[in-house]
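Here is a report on one protein chain and its ligand. Look over the sequence and the structure first, then read on.

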Amino acid sequence: MAKLEVKNLTISFRTTNGAVRAVRDVSFDLQEGETLAIAGESGSGKSVTTRAVMGILAGNAMVDGGEIIYDGKDLLKIPEEEFHNLRGHRLAMVFQDPLSALNPVMRIGRQLTEAMLLNNKERRRDGRESFNRTLKILQDKMTAEGSVSGVQDKIKEFDSFVKIAVRQEFAYKEATESMVEVLDGVDEANDALIRRNDRDVREACGRMLRAMKHVYNPYTFAPGDPLIASFTEKLGSFQRKYTGRQQGEMGSLLQEITDSFDPKLKAESPNFFCIGYSVMHGRQPDPAARSIPEINREARRDLDEGFMLSFRKDVEKALEWSEKQSLEEKKKAVEALKAALPVFGAGSLAQDKCAEKLKESAAAVERSIDPLRLEKDNQAYVYRSGVKALLERYFRAFRQNPREEARYKKDTERFERDKARGKTPPSVIPMNLIDIDAAQKSLIDQVSDLIKHYESQIASGPAGGYDKRAEDMIDYLKARAEDYAFKLSQGMARHRAIELMKEVGIPEPHKRYRQYPFEFSGGMRQRIVIAIALSANPDILICDEPTTALDVTIQAQILELINRLKKERRLSVIFITHDLGVVANMADKIAIMYAGKIVEYGTADDVFYDPRHPYTWALLSSMPDLETKEKLEAIPGTPPDMILPPQGDAFAARNKYAMQIDFEEQPPVFRVSPTHWAATWLLHPDAPHVEPPVIVTDRIRRMQEAQKEREMKEAVKGGTEA
Ligand SMILES: Nc1ncnc2c1ncn2[C@@H]1O[C@H](COP(=O)(O)OP(=O)(O)O)[C@@H](O)[C@H]1O
Ligand SMILES: [Mg+2]
């Protein structure tokens, strides 16, 4: 499923010289776990496109049209407040210049923990809202279904024991995270022992002591545990007066701590979801008398028999009922959509009638959305805002186009007059008309696409699988409850910051934590910025030329890091670059941008091995070659003026293969394969056949050979490993 869909995005900037048409009709999608590279020369609109996704466009920007759909919402139409939330923890961005992303007068550690604490606050609020909202919908649907008895009591019971569970889990996590923090201190102390730095050893003891206060929990160490008491006493004395002569004693204390904490951290943890239920019914398990696996088994039996098995059946009923209900409503919605079609498709649209049809059809569509579907149906969710925007665009055209035509006529007349007087007047800004037909066509498409989408759902009937979905629903509720119960403490934030610093490859994180940005190299700074971006656990990471300011070897390391993080965290990545070579080994798909448009789009193989647009050829031949150190062939000429974008193909003036039509008309999109398209007249069936330049075909051949060699090596490696 697409994580993010950008459709027909069009953005301009107001400037004193006129509107800069920075992004012109850009569409792409980003699948889960995929890396999309957007490549093109400086000024082609890459940053503006992604800044629109992040909701951080400059103040003079105007979004002239399009949609950015994420999680059932059009990001261009949601309120500021909501955007703030999304940006906080679903979408994150890393910029070219890490210095500007960091506060120069704040220690690195604090910058990380502040981002986390802020994010935790938002996540808790969101978690509470989603939990309550979803549980309420579930209750309503169960009630409406009719055959479930005592709905209110059941929902209340679920709500109560889940809340007990998350509170206990939170307390437990606080204790185990403190244990991990003690072990962090052990590492730090061992490190200081090796360096024979007594002061650092004493400091590490102080840290362990502070964390040791919070390791108590019924499932870890009971208050007053003699082991912890003895650790505390020894650490206290070392903190005051450790000297190098006590190295042996110190070493064995550290070992003792590790030996007693490690097994507890590695063992099965208590299943609080089940335990919460027992606790609610007055059956608090006794960890002193029973092992955790035993407690878990008993609590699960208790919960299943007492509540969950029957509750799951009730949830299944609610899901089934809700889906059937939604299918019935979809039938009605199809009727409403079909009734709207002729009105939207009329020769000329009537504003009040259109408004009425929009209102009716959107209401029907919204009624047909199944609120218990965890995966949102984007098409239905954005129907109202999408159609509304297209209608507005259509009617705005009737006000704006005549004014624009008049302006153009006046400017042209003045131009001719001035020329006749022998002056050299500035050229006339071309007419910027809203394409009325295109607006109406998208409008009709939007409605008919949804009709088709719904009709196929109606035809295939209920999807079933309610047992699996009931399980997912309960897991979802648990996860939201955990979100809101989880209050991040300063200590935990610190621990996580250090973990993140390790994850992004920062050596000596404990020491680095206390340093300022200027004490870091460019590459290390970029790692910190990536750590901050990751601190919120985003699912989309946008990297805007993150390596451009770095030298080549560091660049490779950062790319490797982003690649690794993407795999480990299953991120979807948008990677912006002006240098195609950078993304050769990391992109799944590539969009080539020129003068505000995507001119070629395909998988990495399509674009690297079978490029079709002359601009892509130019980019490929200007790409620095790491292996042969071959000299680059710079792309001749400069990109066009985006206040006056050319009438035809924007690349025509720099393109030695340009034909007459390239100067006159914009090329449409030509499909090369299901995954690959390019907008160039060269792909028109009547165009003369043109081979890519030799430098490009050579390069393709070499890249293919290198690729084969890599594959062979890997096969050999795989073979010996097996
Ligand atoms: N705030 C602004 N005001 C006016 N023009 C802008 C503004 N921001 C960007 N532009 C213009 O938009 C175009 C695209 O810029 P950008 O997306 O930053 O390019 P790049 O592909 O290098 O990231 C450029 O012509 C740039 O000059
Ligand atoms: Mg840029």
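At what angle do helix α4 and helix α10 pack, and how far apart are their axes? Helix α4 (residues 108-145) and helix α10 (residues 292-344) pack at an angle of about 80°, with axes 8 Å apart. Axes here are lines fitted to C-alpha atoms, for helices over the stretch in contact, and angles run from 0 to 180 degrees between N-to-C directions. α4 and α10 are therefore roughly perpendicular to each other. The classes are roughly parallel under 35 degrees, roughly antiparallel over 145, roughly perpendicular from 65 to 115, and oblique for the rest. On the α4 side, the contact is made by Leu138, Lys141, Met142, Ala144 and Glu145. On the α10 side, Asp314, Val315, Lys317, Ala318, Trp321 and Ser322 take part. Two residues are in contact if their C-beta atoms, placed from the backbone, lie within 7 Å. The residues of this contact divide into six nonpolar, one polar and four charged. Ala, Val, Leu, Ile, Met, Phe, Trp, Tyr, Cys and Pro count as nonpolar, Asp, Glu, Lys and Arg as charged, and the others, Gly among them, as polar.

**Basis and overview**

This is a predicted model: local features need pLDDT of at least 70, side-chain atom pairs count only at pLDDT 80 or more, and totals for chains, interfaces and linings use all residues. Residues are numbered from 1 along each chain as its sequence is written, while chains are lettered from A and ligands numbered from 1 in the order in which they are written.

The chain has 23 helices and 12 strands. Helices (H or I, at least four residues) and strands (E, at least two) are DSSP runs, numbered from the N terminus. The C-alpha trace spans about 100 × 70 × 55 Å along its principal axes. Of the 722 residues in the chain, 35% are buried. Buried means that 20 or more other C-beta atoms lie within 10 Å of the residue's own; exposed means 12 or fewer, and partly exposed lies in between, with C-beta atoms placed from the backbone. Among contacts in the chain with a separation of 6 or more, 73% join residues 24 or more positions apart.

**The four-stranded sheet**

An open sheet of four strands has the order β2-β1-β4-β5, with antiparallel pairing. Its edge strands are β2 and β5 (73-74), each pairing on one side only. Two strands pair if DSSP finds at least two bridges between them. β1 and β2 form a hairpin with two residues between them. The pairs of this sheet are listed here.

| Strand pair | Bridges | Facing residues |
|---|---|---|
| β1 (residues 2-15) and β2 (residues 18-31) | 10 bridges | Leu4 and Leu30 |
| β1 and β4 (residues 61-70) | Eight bridges | Ile11 and Val63 |
| β4 and β5 | Two bridges | Tyr70 and Lys73 |

In a regular strand the side chains alternate between the two faces of the sheet.

**The ligand shell**

Which residues are closest to ligand 1? They are Phe13, Ala22, Lys46, Ser47 and Ala58, out of 15 residues that surround the ligand. A residue is near a molecule or strand if its C-beta atom, placed from the backbone, lies within 6 Å of it. β1, β2 and α1 (46-54) each supply at least two residues of the shell. The largest share, three residues, comes from α1. By class, the shell has six nonpolar, eight polar and one charged residues.

**The eight-stranded sheet**

A second open sheet has eight strands in the order β6-β7-β8-β3-β9-β10-β12-β11, with mixed pairing. β6 (91-94) and β11 (670-673) stand at the edges, each with a single partner strand, so one side of each is left without a neighbour in the sheet. Neighbouring strands are turned by 20° against each other on average, direction ignored. Three bridges join β11 to the antiparallel strand β12 (residues 676-678). Arg671 stands opposite Trp677 in that pair.

α1 packs on this sheet, touching β3 (35-39), β6, β7 (540-544), β8 (572-577) and β9 (589-594). The direction of α1 makes about 150° with that of β7. α21 lies across β3, β9 and β10 (597-603), running at about 105° to β9.

**Buried and partly exposed**

Is helix α21 (residues 614-621) enclosed or open? Eight of its eight residues are buried, so α21 is largely enclosed by the rest of the structure. Tyr615 and Trp617 are among them. Asn190, in helix α5 (residues 151-194), counts as partly exposed because it has 17 C-beta neighbours inside 10 Å.
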